[in-house]
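Hi everyone, thanks for making the time. I'd like to walk you through a fold today, so please bring up the viewer and follow along with me.

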Amino acid sequence: MAQAVASCAGVRAQWISVTSQLSVSRSTLASRAASRAGAAPVPIVCGRSKKGKEEKAEAKKAGKKAPEVSKQAKDAARKKFAAAMREVVSKQGKAYDRIVREMDRDQYREYVLSVRHAPLAGEPQAAILSDWLPICEVIVADKVAYEAQKFFRDNDMTIPETDQVPLTAGDQIEGVPAITSVLPSLGPEVAGMAFAMAGSKVKDIPMEQLEFGVEDWGSFEVAVSGLEAQAGTKAMRATAAGVLGVSIDDEPAAVKRVYRKLIATEHPDRNPDASIEKFNAIKEAYDLLSDRGGQSGATFEGLGDKAKRDFVKLPGVQAGSAPFPKSAKVEVQLRSLTIYDRISNIFTARNMSLQSRLPTAAAPKPAEPMAPAEEVKAQEPEPVAA
């Protein structure tokens, strides 16, 4: 009996020691991040620092010629940056996998984090982030339960039944508040995930110009299914456009005019020589084109069945703006969505589509004075992207 009491006392002492070490290591990491190299913290961007961009802009304004950089040096810098981003993504992914492997399913929740570029007024918007782009999974775990299970597993001990207390209703994991509180400490991690999903086109976007949105996996699957449905109907819409003799990118009003003219000509009651098959084909083609493959899917938030989506925006959240909150009761890790071939392929195609819409991917600019009537007549209408 005395030996058992002594053993329990020893285990409790080890547990207290481990938790104190975890607390110290967390605060040490935060202090290092806040005072790296003894310098003031530099605003984080997805790639080059904001300070570097400002210095380059000032030098250009002052008429100074930037120093020549060799192609080899540029390539080396790109490779170094890409390697650093891959390392961040890899570390986060391993931490995520460890939580899934070591914890019970009811002790964590999984979400999907999306980003969108919100530039300052008058500044151009990154086309690839002109709409929400899902970049990673987010796992939110009960920190106390996680550290307890980790301690017992590290010491090859069985978790006592008395310690496996289920979460009460008041202690249930609330993912959105947890992610909102922890996200400001995850600047480099978010940058790595965005780079993995969108490539180098996002590396110069300042973190303070990124908006964030969160949804659970069930909601995200609805969005993915919506995108798959759109991709599946693309060939059908091209065929429908051929039946009407229009382009798939023509404005709805133009398609409607052509449809009315054709349907009047091919109506069996008006034209005895008309074919009922051709009449029905025209109707079906117009029904498909007028839906545009689902106007509800024009933006990421509108994809799929809206009643089944639970997409939540996180206003005022800026990644990389604060250290990890010491009072956090949750463990939060990220994992790149690029590990899923289906999701990666779908959003790679969507990225290419958004990137091709450069004329519509600029932030609103101040209105210019109206030109004289003679000049207005001479101007050609601006092309409108589909």
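Let me begin with a working rule: two strands pair if DSSP finds at least two bridges between them. Please also keep in mind that this is a predicted model.

With that rule in hand, look at β3 and β4, which pair in the antiparallel sense over two bridges. In that pairing, Gly213 stands opposite Lys313 in β4. As for how α3 sits on the sheet, that helix packs on it and touches β1, β2 and β5. The direction of α3 makes about 125° with that of β5.

Now the sheet as a whole. In what order do the five strands of the open sheet run? Going across, the order is β4-β3-β1-β2-β5, and the pairing is antiparallel. At the edges are β4 and β5, each of which pairs on one side only.

Tyr108 has Ala141, in β2, as its bridge partner. On to the pairing of β2 with β5, again antiparallel, with seven bridges. Here I'd point out two partners in β5: Val330 for Asp142, and Gln333 for Ile139.

What about burial in these strands? β2 is mostly covered, with 10 of its 10 residues buried. β5 is mostly covered too, and there the count is seven of seven residues. As a reminder, in a regular strand the side chains alternate between the two faces of the sheet. In β5 both faces are covered: one side has Val330, Val332, Leu334 and Ser336, the other has Glu331, Gln333 and Arg335, and all are buried.

Let me turn to a helix, α6, residues 187-198.

How many of the 12 residues of α6 are buried? The count is 10, and the helix is mostly covered. Among the buried ones are Gly187, Glu189, Val190, Gly192, Met193 and Phe195. The buried residues of α6 pack against α3, β2, β3, β5 and α11.

Ala84 is found in helix α3. Is Ala84 buried or partly exposed? With a relative accessible area of 34%, Ala84 is partly exposed, since buried would need under 20%.

A pair of aromatic rings is described by the distance of the centres and the angle of the planes. Rings count as a pair if their centres lie within 6.5 Å, and by this rule the count comes to eight aromatic pairs. Take Trp132 and Phe311: their ring centres are 5.1 Å apart and their planes are at 65°, so the pair is edge-to-face. This pair links distant parts of the chain, 179 residues apart: Trp132 lies in the loop between β1 and β2, and Phe311 in the loop between α10 and β4. Trp132 counts as buried at 1% relative accessibility, and Phe311 is buried at 16%.

For another geometry, take Phe220 and Phe347. Their ring centres are 6.1 Å apart with planes at 15°, so this pair is stacked. It also links distant parts of the chain, with Phe220 in helix α7 and Phe347 in helix α11, 127 residues apart. Both Phe220 and Phe347 are buried.

Ring pairs link Trp132, Trp217, Phe220, Phe300, Phe311, Tyr340 and Phe347 into a cluster. At Phe300 there is also a charge to look at: Arg309 lies over the face of that ring, at 4.9 Å from the ring centre.

Let me zoom out to finish. The chain's secondary structure comes to 12 helices and five strands. Of its 386 residues, 34% count as buried. Among contacts between residues at least 6 apart in sequence, 81% join residues at least 24 apart.

Definitions and conventions:
Residues numbered from 1 in each chain as written. Predicted model: local features only at pLDDT ≥ 70, side-chain atom pairs only at ≥ 80, totals over all residues. Heavy atoms only, no water. Phe/Tyr/Trp six-rings, centres within 6.5 Å; stacked < 30°, edge-to-face > 60°. Helix = DSSP H or I, 4+ residues; strand = E, 2+ residues; numbered from the N terminus. Buried < 20%, exposed > 50% of the residue type's maximum accessible area, 1.4 Å probe, protein only. Lys NZ or Arg CZ within 6 Å of the ring centre and 35° of its normal. Expected span 1.5 Å × (residues − 1). Contact = heavy atoms within 4.5 Å. Axes fitted to C-alpha atoms, helices over the stretch in contact; angles between N-to-C directions.
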